[in-house]
Amino acid sequence: LALIFALLIPAGFIYIRDLLNDRIKDRGDLERQTRIPVLGIVGVSKSEETLVVIDKPESQIAEAFRSLRTNLQFFSVEKKSKIVLITSSISAEGKSFCAANLAAIIAHSGKKVLLVGGDMRKPKKSSEFNLDHENGLSNYLSGNASLEVITQKAKQIQFLDIILSGPKPPNPSELIENNLMRKFIETVQQVYDYIIIDSPPIGI
């Protein structure tokens, strides 16, 4: 009896704890709870470098982004230009990190890539690319700058262009909803193979 209880009590505790756990533990949790295909798993980066695919190309995270790049190529095969929007539930979950590294690894394969800073509520200075932050998407959508003015080339990565979010506007939602945003997407689709959009958290 003592041996049985010694096994049942911790087993019951583990079972109850597992029932109450609402965190995603592995790929299987995602595949059981949703029909959305899982294209890849990117772990937490402990490196101080933001562009790990360039600074540490042999690392596990760089390899994870390569796998993600390969799997993305199988989606919308018939489309010449692919748009990838990166978001998450709340801030500080790694959206900008994933967007920058995904854009860099795709451009590294010879595809023309445009990385767009779409979070105009909380514009982020792109320190990893050392770019001018005065003009960006908000300037274009408000009619104060042309597409040529806001588009910058990544100095260390060939085939990668970047459009930062620009100065913080008082009405980011209205800017995104206007016709210039549609025109912007239609125009860049004619030029680039991939458009990677770093968006605000979906909760916002």
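This is a predicted model: local features need pLDDT of at least 70, side-chain atom pairs count only at pLDDT 80 or more; totals for chains, interfaces and linings use all residues.

**Entry 1, salt bridges.** I searched the whole structure and found 5 salt bridges, and I followed up some of them. Asp29 is bridged by Arg32, with the closest N and O atoms 2.5 Å apart, and I placed both residues in helix H2 (residues 27–33), 3 residues apart, about one turn of the helix. Residues three or four places apart in an α-helix point the same way, because there are 3.6 residues a turn. Arg32, at a relative accessible area of 61%, is exposed. I next looked at Asp161, which meets Lys153 in a salt bridge of 3.4 Å, N to O; Asp161 is buried at 9%, whereas Lys153 is exposed at 61%. For the salt bridge of Lys25 with Asp18 I noted 2.8 Å between the closest N and O atoms, with Lys25 exposed at 53% and Asp18 partly exposed at 41%.

I then turned to H5, which covers residues 95–108 and reaches 20 Å from its first C-alpha to its last, close to the 20 Å expected. I found 11 of its 14 residues buried, among them Phe97, Leu102, Ile105 and Ile106. The buried residues of H5 pack against helices H3 and H4 and against strands S1, S2, S4 and S5. After H5 comes Gly110, for which I noted a positive phi, near 100 degrees.

Technical notes:
Residues are numbered from 1 along each chain as its sequence is written. Side-chain values use heavy atoms; hydrogens and water are left out. Helices (H or I, at least four residues) and strands (E, at least two) are DSSP runs, numbered from the N terminus. The expected span of a helix is 1.5 Å times one less than its number of residues. Buried means under 20% relative accessible area, exposed over 50%, partly exposed in between (1.4 Å probe, protein chains only). Contact means heavy atoms within 4.5 Å. A salt bridge is a side-chain nitrogen of Lys or Arg within 4 Å of a carboxyl oxygen of Asp or Glu.
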